[in-house]
Amino acid sequence: MKKSVYTIGSLIILLICAFVFVLLPALTGISSKQEKLPAFGKYNGKEIKYEQGTDLYNFVSYYGQMVQSQNQNQQIDTSSYYYIFNYSFNSTVLKMSYADAVDKSGYIVPNESINRSMAAYFTDETGKYSSKIYKQTPESTIIRMRKDAEGNLTSARYSDDNFGSNTDTLGTEQLFGIKESDAELDFLTSCNTNKRGFDMVVFNTNDYPTEEILKFANKNTQKFVKYDLSVITTEDESKAKTVIKRLNNNEITFAEAVSEYSTKNFSNTEGKITGSYQYQVENILDNKEDISVIAALSSDSPSSIIKTTTGYSIFKKDSNSVNPDFDNETVINDVTTYINNYEMSVIEDYFVAKATDFTTLAINSNFDSDCSKLSYDKITIEPTPLNYGNVSAFKTLSTNVYGLDTNETFLKTAYSLNKGDISKPIVVNKNIVVVQYTTEDNSISEEPVAFTSLSSYDENAAQNFIMDNPKLENNLSEVFFNNFVD
């Protein structure tokens, strides 16, 4: 299951048709630590509780049965249970929010609507309403069902009025929901007509050559000197002074001081520093120049107090430092990791230079032939309108370059080119791209544009707003993991 929230309108309909008041059978696989659970949160001051008859309980029952039906022969794990509760909590909040909005309008659900929604529960084997079944149903159950149906229909009124309903139609037209004008539809259609096609060359920074890594390593050897150090770290300087005094007076060993005083922010439980390359040691120092103090230590002698990023530290050299061996594959991998984490601009600069050389060459000759000459893979992008975020209502930009559709620099550059022009290199996440504007297409597609999907964007926006609303207190994770997971 995804973490998003289902369409509230469809959920209301499903829940009206699924009055289930039993715990998930599969929940016996998780032990509850207490019989009465705390509230999972609050919305507008109202507690969201997991108790029989509550919306959260009903949603969990529905989602749980749905997950069980999809995984009949598989054991549902804790992650699935959490998603069930997450879905249910979100759906409960949406229902509460929508119901509040409808209540403020003064709308009252007609009895006829409640009766129609409940009729399905009292049908015989032929599908016809049975007064006998109705009379055999306990009055308390009917009262509960009417109350729940009224609440569900109240929330559905808000959802239907704003986002439409697939069940309430006149022919192919929805009876509810915000309607589109002809002018709006014409405008949306025009957004799908001005399409541009491109050729593109991609330089992936993951292809940074080993020889370049070695060049960097040999120019920055000192960064990869490996130290063998132990460290004691305290939160305040006064405690560090107490430690250094006791060490110098031989009242305590370094190992004992680690156990008694150290927060172990930069070490394992024995006090051995966890990041031993010089750049890693420098990164924990408040003043990187203090690395010279550590480098000059004699074996087994504690350093003076050195301010570090989370407090005050005392270092001890356990053995001599070791210069890097760049013939060692592990060391080269560590250098590669360092460059990617701390010097990404070095990699980008390398590929931007290659991309610039290609651009200069292609401007003076031919994009296609230069790709072949240099053995670069050319990517062809079919004519596509300017579509930030690949909105599904319009034709989408399709490539294997992640983030191209949301990279503003790429979109502005590509859609501002004159036909035949070639761009300068553009950085897109871990790629550097060069693009040429090749084709244009202003025709209207014969396929109908999926404008009906636009209502889902409105609904998602409403859901995101409500789930970020300061009226909401969300304790889902805390309550779930404290009470349902051993």
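Colleague: Why does Ser303 count as buried?

Modeller: In this predicted model, Ser303 has a relative accessibility of 2%. Buried means under 20%, so Ser303 counts as buried.

Colleague: Where does Ser303 lie, and what does Ser303 touch?

Modeller: Ser303 lies in the loop between α12 (291-295) and β7 (306-308). Residues up to four places away in sequence are not counted here; beyond them, Ser303 touches Ile244, Leu297, Ile314 and Phe315.

Colleague: Ser375 lies in a loop as well. Why is Ser375 called exposed?

Modeller: The relative accessible area of Ser375 is 65%. Exposed means over 50%, and Ser375 is therefore exposed. Its loop runs between α15 (367-373) and β9 (378-384). Ser375 also has a positive phi of about 60°, although it is not a glycine.

Colleague: Let us turn to the helices. How do you know that α3 and α6 are roughly perpendicular?

Modeller: α3 and helix α6 (residues 139-163) pack at an angle of about 80°. Angles of 65 to 115 degrees count as roughly perpendicular, and α3 and α6 are therefore described in that way. Their axes are 8 Å apart.

Colleague: Which residues meet where α3 and α6 pack?

Modeller: From α3 come Lys95, Tyr98, Ala99, Ala101, Val102 and Asp103. They meet Asp148, Gly151, Asn152, Thr154, Ser155, Arg157, Tyr158, Ser159 and Phe163 in α6. The residues of this contact divide into six nonpolar, five polar and four charged.

Colleague: Why is Tyr98 called buried?

Modeller: Tyr98 has a relative accessible area of 1%. The limit for buried is under 20%, so Tyr98 is buried. Tyr98 lies in helix α3, and its C-alpha atom is separated by 7.8 Å from that of Ala156, 58 residues apart along the chain.

Colleague: What makes Glu459 a buried residue?

Modeller: Glu459 has 7% relative accessibility. Buried means under 20%, and Glu459 therefore counts as buried. Glu459 lies in helix α17 (residues 454-467). The C-alpha atoms of Glu459 and Phe163 are separated by 6.6 Å, although these residues are 296 residues apart along the chain.

Colleague: How do you know that Ser61 is buried?

Modeller: The relative accessible area of Ser61 is 3%. That value is set against the limit of under 20%, so Ser61 is buried. The place of Ser61 is in helix α2. From Ser61 to Ile84 there are 23 residues in sequence and 9.0 Å in space, C-alpha to C-alpha.

Colleague: How many residues has the largest nonpolar core, and which of them have the most contacts inside it?

Modeller: The largest nonpolar core has 33 residues, and those with the most contacts inside it are Phe40, Tyr50, Phe85, Phe89 and Val93. Two or more residues each come from α2 (55-70), α3 (78-105), α17 and α18 (476-483). α3 gives the most to this core, with 10 residues. Apart from it lies another core, of 26 residues, among them Val201, Ile332, Val335 and Phe367.

Colleague: What is Phe89 in contact with, leaving aside its neighbours within four places in sequence?

Modeller: Phe89 is then in contact with Phe40, Gly41, Ile48, Leu56, Met467, Leu472, Glu473, Asn474 and Leu476.

Colleague: What does the secondary structure of the chain come to, and how much of the chain counts as buried?

Modeller: The secondary structure comes to 18 helices and 12 strands. Of the 486 residues, 41% count as buried.

Terms used. Residues are numbered from 1 along each chain as its sequence is written. This is a predicted model: local features need pLDDT of at least 70, side-chain atom pairs count only at pLDDT 80 or more; totals for chains, interfaces and linings use all residues. Side-chain values use heavy atoms; hydrogens and water are left out. Helices (H or I, at least four residues) and strands (E, at least two) are DSSP runs, numbered from the N terminus. Buried means under 20% relative accessible area, exposed over 50%, partly exposed in between (1.4 Å probe, protein chains only). A nonpolar core is a set of buried Ala, Val, Leu, Ile, Met, Phe, Trp, Tyr and Cys residues joined through side-chain atoms within 4.5 Å. Contact means heavy atoms within 4.5 Å. Axes are lines fitted to C-alpha atoms, for helices over the stretch in contact, and angles run from 0 to 180 degrees between N-to-C directions. Angles under 35 degrees count as roughly parallel, over 145 as roughly antiparallel, 65 to 115 as roughly perpendicular and the rest as oblique. Ala, Val, Leu, Ile, Met, Phe, Trp, Tyr, Cys and Pro count as nonpolar, Asp, Glu, Lys and Arg as charged, and the others, Gly among them, as polar.
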